[in-house]
Amino acid sequence: MAVHQLSRVDARRIAVRAQLLDGPRPTGALDPTELPDMVRHLTLLQIDLVEAVAPSADLVAWSRLGPDAPAELRAALKDRTLLELRGMIRPAEDVALYRAEMAEWPGPGELVAWRESQRDWVLANDACRRDILARLDASGPLVSGEIPDTCAVPWKSSGWNNNRNVGQLLDLMVLRGEVAVAGRRGRDRLWDLASRVYPDDPAVPTGEALRVRAERRLRSLGIARARAAETPVEPGDVGEVGEPAVIEGVKGVWRVDPAQLGQPFTGRAALLSPHDRLVYDRKRMVELFEFDYQLEMYKPVAQRRWGYYALPILSGDRLVGKLDATADRRSGVLRVDAVHQDEAFDKDVSAAVDEEIEDLARWLHLDLAWPG
């Protein structure tokens, strides 16, 4: 198979178009199928409930489909067209692509040390695991605080999860296919038996499921590495699906979705969630877009360059800056602290970005407060 020769502009346009950020955003009422279809194409929306501006999944939905999209997202979660799985919102039918791995947990063959440690900890707390299943069977759905901690061996961690035994065990029971997130009570996850939440679709064999997931991932990304560093939950690479490509000025061989080759490109301005899949893989972001960006909410204030929850700014096929804004709901304003321009915006880019910021304020039902 011939290797496709792509410029960086080609690669960026493929990536933007694949993420549904090319054409204009809808302005009218959405058909009920549009939001679920968008998630099916993107394969997932990452859950992050920080509301410095808006929850990440809402921002991703709004940036593609406009102001009605977040409400449609909640409706699709309520009727379980979409489900929450390992911190991601996914189409309900995609659970079948994970069932075989759930049945094989912690995985086939020789295990790496951290997987062995997880397996041993679950086995040491098997009585607690059975207690959880019995309680959910009788009384679910429940938030984790309503489930007694009967773990015999505490979970040890240097971080947030230290001694958070019930929560950690529930997360591992998700990997085993035993429990599932049935909804939310406020910000808290509601847990129930997986058999009462997931569709009763047969498991897709592991090899086939991995291939299908890689194909869908490449369709949503447009262009990706065949191999990349391991990341939590969702891989950033796609194996051997698609077709090989090289990008001028970027080392290595990539895989490209052939359906994206030679397609027209329109482009527009968009404000992105820090967890948007266009920028989530920071290495790929730098390689394709040459864009310097980090989410700085965990940094001390004095070390922040762009703000607590700065939104990357897309213009056409380029990432051109960051919006430092805060939704001050108590005061009823979207406070714009800064628009950081990587390079000075021309008149057209400046007007398009300002319009996006105004649209963001309208969607949030907040007045707009510019700096100064």
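## Two cysteines without a bond

Cysteine 151 has its closest cysteine sulfur in cysteine 128, at 3.4 Å, which is too far for a bond, because a disulfide is taken here as a pair of cysteine sulfur atoms within 2.5 Å. By this rule the count of disulfides comes to zero. Both residues count as buried, a term that means under 20% relative accessible area, with exposed meaning over 50% and partly exposed in between (1.4 Å probe, protein chains only): cysteine 128 has 1% relative accessibility, and cysteine 151 has 16%.

This is a predicted model, in which local features need pLDDT of at least 70 and side-chain atom pairs count only at pLDDT 80 or more, while totals for chains, interfaces and linings use all residues. Residues are numbered from 1 along each chain as its sequence is written, and side-chain values use heavy atoms, with hydrogens and water left out.

## Nonpolar cores

A nonpolar core is a set of buried Ala, Val, Leu, Ile, Met, Phe, Trp, Tyr and Cys residues joined through side-chain atoms within 4.5 Å. The largest one has 53 residues, and within it Ile223, Leu278 and Leu360 touch the most other members. Helix 11 (residues 347–364) gives the most to this core, with seven residues; helices (H or I, at least four residues) and strands (E, at least two) are DSSP runs, numbered from the N terminus.

Two strands pair if DSSP finds at least two bridges between them. Strand 8 (residues 243–247) pairs with strand 1 (residues 4–6) in the parallel sense over three bridges, and glutamine 5 stands opposite valine 246 in strand 8. Strand 8 also pairs with strand 9 (residues 250–256), here in the antiparallel sense over four bridges, with glutamate 243 opposite valine 256 in strand 9. The hairpin of strand 8 and strand 9 has two residues between the strands, and in it glycine 249 takes a positive phi near 85 degrees.

## Backbone exceptions

Most residues other than glycine have a negative phi, and most peptide bonds are trans. Threonine 43, in the loop between helix 2 (34–42) and strand 2 (45–46), has a positive phi of about 80 degrees although it is not a glycine, and at 8% relative accessibility it counts as buried. Histidine 365 also has a positive phi, near 60 degrees, but at 72% relative accessibility histidine 365 counts as exposed.

The peptide bond from tryptophan 105 to proline 106 is cis, with omega near 10 degrees, and the one from glycine 140 to proline 141 is cis with omega near 5 degrees.
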